[in-house]
Amino acid sequence: CFAMKRRQPRSTKGVSSAASDVYKRQNGYACIVGQTESPNFQVIKPYQSKLKGTFNAFVTKFDPEGKYPAAYSTYLGGNNWDDGKGIIAHPDGSLTVVGSTKSSDFPTVNPIQPQLKGLQDGFIATLTADGSALNQSTYFGGSMVDSISAVAQDATNNIYIVGTSDSPDLPATLAYQSKLGGKSDLMLTKFNPIISQIEYCTYLGGSDIDEGRGVAVTGEGDAYMTGYTTSINFPKVWPYQQNYGDGDRDAFVAVISNHDMIPVTDFVGVPTEGDAPLTVQFSDTSLGIPTSWAWDFGDGCNSSERNPVHI
């Protein structure tokens with residue numbers, strides 16, 4: 001398979017449509033995703049036949065020979081603003097698309113997050129092979145502004161998304177970086193193949209602005225990410241360029257692997273004081289991707305839970 005990025009606006013009577021990503025399976029069909037404000041965007045056997053907001057995402061799938069008309073073409077969105085940014089195709093012919101939405105009624109099916117949480121959230125949606133329905137569709141974000149820019153999959157069909165978050169309350173899970181580091185950070189999340197469970201979710205960034213633009217994943221699950229940063233303390237490991245450059249921003253390339261990342265232990269306990277007997281909620285905030293936990297509370301009691309409660 002290969003994927004290419006493009007953005008080529010087409011205007012008709014003062015309105016425009018723009019493709020953001022195209023994906024083609026080897027010896028198979030091509031598909032594109034983008035954004036349109038056109039009320040007469042060409043739809044073919046659509047899941048959504050009409051423009052609902054000021055802008056909606058669109059998804060178009062072509063047959064293997066690229067013949068006209070397309071296999072299907074559809075709007076995708078709600079009553080406000082939606083933008084399609086990334087797309088991948090699966091062996092069964094279904095398509096997973098990602099992007100950003102400000103619509104409170106973006107269509108959801110079996111969602112991990114059923115409602116818009118912030119001013120803008122990301123979305124992840126999977127259309128059936130014929131484009132007539134959604135297998136799943138979910139918001140993804142926190143309480144501020146979040147966007148998803150790209151999507152990829154590994155050899156066992158786990159789904160990876162990369163984007164940018166201003167939110168301090170993403171559902172960080174087995175995170176390399178569990179807290180927002182600056183004004184905005186790259187966000188990287190791995191889901192199981194049917195996007196019903198978060199395998200890990202992490203921020204990545206320094207003390208200023210960091211934006212995730214693209215992701216590619218090896219068969220083993222190593223996620224290669226790219227974007228830009230204005231943080232002079234962007235995290236670095238074995239860097240090709242050690243120091244921040246002299247421009248307004250620098251590009252970055254980073255790799256996160258879930259099989260060779262070294263965890264850095266950290267935790268919090270709440271409350272930290274009080275009268276006995278005191279019930280304390282311990283929460284793991286370790287960096288990296290730990291897979292097991294061994295708590296020793298110093299009174300002969302132990303726990304292997306990730307976030308234990310101890311009295």
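Trainee: Where is Thr128 found, and why does Thr128 count as buried?

Mentor: In this predicted model, Thr128 is found in the loop between strand 9 (121-127) and strand 10 (134-140). Its relative accessibility is 16%, and buried means under 20%, so Thr128 counts as buried.

Trainee: Which residues is Thr128 in contact with, leaving aside neighbours within four places in sequence?

Mentor: Those are Tyr72, Gly93, Ser94, Ala133 and Asn135.

Trainee: Happy with that one. Why does Val255 count as partly exposed?

Mentor: Val255, which lies in strand 17 (residues 250-256), has 44% relative accessibility. Partly exposed runs between the 20% limit for buried and the 50% limit for exposed, so Val255 counts as partly exposed. Together with Tyr224 and Val253, Val255 forms a nonpolar patch on the surface, with about 300 Å² of accessible area together.

Trainee: On to the rings. What makes Phe41 and Phe58 an aromatic pair, and why is the pair called tilted?

Mentor: The structure holds eleven aromatic pairs. In the pair of Phe41 and Phe58, the centres are 4.6 Å apart and the planes 35°. Centres within 6.5 Å make a pair, and stacked needs under 30 degrees while edge-to-face needs over 60, so this pair is tilted. Phe41 is in the loop between strand 4 (30-36) and strand 5 (56-61), and Phe58 is in strand 5, 17 residues apart. Both Phe41 and Phe58 are buried.

Trainee: How do you know that the charged end of Arg249 sits over the ring of Tyr228?

Mentor: The charged end is 4.0 Å from the ring centre; the limit is 6 Å, along with an angle within 35 degrees of the ring normal. Likewise, the charged end of Lys61 sits over the ring of Tyr29, 4.3 Å from its centre.

Notes
Residues numbered from 1 in each chain as written. Predicted model: local features only at pLDDT ≥ 70, side-chain atom pairs only at ≥ 80, totals over all residues. Heavy atoms only, no water. Patch = residues over 30% accessible without salt bridge, like charges linked within 9 Å, V, L, I, M, F, W, Y side chains within 5 Å. Areas by Shrake-Rupley, 256 points an atom, 1.4 Å probe, with all protein chains shown as cover. Salt bridge = Lys/Arg side-chain N within 4 Å of Asp/Glu carboxyl O. Helix = DSSP H or I, 4+ residues; strand = E, 2+ residues; numbered from the N terminus. Buried < 20%, exposed > 50% of the residue type's maximum accessible area, 1.4 Å probe, protein only. Contact = heavy atoms within 4.5 Å. Phe/Tyr/Trp six-rings, centres within 6.5 Å; stacked < 30°, edge-to-face > 60°.
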